[in-house]
Amino acid sequence: MRHDIELTGHAFRLRPIELSDAQSIVDLRTSQPERGQFLHPISDDVSLQEAYLTRYFDIPEDYYFVVERLKTGKPEGLISIYDISNRMGEWGRWILSDRSLAAVESCWLVYKVGFECLNLQSIYCRTIAKNEPVVSFHDSCGIPRYNLLENFFTLGAEKYDAVEHRINIEQWNSIQPVLDSKSQQIAKRLNR
């Protein structure tokens, strides 16, 4: 969906995805297959990505962002909140470039979008259980595990279990300062 939500953090910002981002999306998603192995594959044909984005702009309640480094203006990743219903939404489509330090801050910012801009009451994220680094990341942020969904994702011919992490607004109020503090520490390292 076309939206105008932009949120600036300490070292990164989330800005709305644009049609002009098609090439950088393709580069990010296809140039590092190990980082995208648990995402649905995409073609390296930029025109197909442009067609996808054109369709995306018509999907209501779907907020797709570029994670951009403040100092350089360089895109370092992608993240979304979508499938919003009954004041609950899912965040995902998350991928960061190799060696990016945007993980904590992009997570913090997407929760801020959900709770503070979209006024959601609950946000969840579903991660393929075999994607242990990302499951561990959510755990380390203090986001509670809610459910194990068996055979939830299908990629190619394989089915994968998913770990669902879920947080409500009350939990966010206690986790938010921790993620903010971690984001500030990383920003200090980046700005040296």
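Which residue in E5 is the bridge partner of Leu-78? In this predicted model, that partner is Ile-95.

## Strand pairing around E4

Strand E4 spans residues 75-85 and is joined to strands E3 and E5. With E5 (residues 88-96), E4 pairs in the antiparallel sense over 6 bridges. The two strands form a hairpin with 2 residues between them, and Asn-86 in the turn has a positive phi of about 50°.

Strand E3 (residues 63-69) also runs antiparallel to E4, joined to it by 6 bridges. Within this pairing, Val-67 stands opposite Gly-77 in E4. E3 and E4 likewise form a hairpin, here with 5 residues between them, and Gly-73 in the turn has a positive phi of about 75°. Of the 11 residues of E4, 8 are buried, so the strand is largely enclosed by the rest of the structure.

## Aromatic contacts

The whole structure contains 10 aromatic pairs. One of them, Tyr-56 with Phe-57, is tilted, at 5.4 Å centre to centre with 55° between the planes. Tyr-56 counts as buried because its relative accessibility is 1%, below the 20% cut-off; Phe-57, at 10%, is buried as well.

Tyr-56 also pairs with Tyr-64: the ring centres are 5.5 Å apart and the planes lie at 80°, so this pair is edge-to-face. Both tyrosines are buried. A separate listing gives one aromatic cluster formed by Trp-91, Trp-94, Tyr-111, Phe-115, Phe-137 and Trp-172.

## Arginines over aromatic rings

Arg-2 lies over the face of Phe-57, at 3.7 Å from the ring centre. Arg-93 lies over the face of Tyr-82, at 4.3 Å from the ring centre.

Technical notes
Residues numbered from 1 in each chain as written. Predicted model: local features only at pLDDT ≥ 70, side-chain atom pairs only at ≥ 80, totals over all residues. Heavy atoms only, no water. Phe/Tyr/Trp six-rings, centres within 6.5 Å; stacked < 30°, edge-to-face > 60°. Buried < 20%, exposed > 50% of the residue type's maximum accessible area, 1.4 Å probe, protein only. Lys NZ or Arg CZ within 6 Å of the ring centre and 35° of its normal. Helix = DSSP H or I, 4+ residues; strand = E, 2+ residues; numbered from the N terminus. Pairing = 2+ DSSP bridges.
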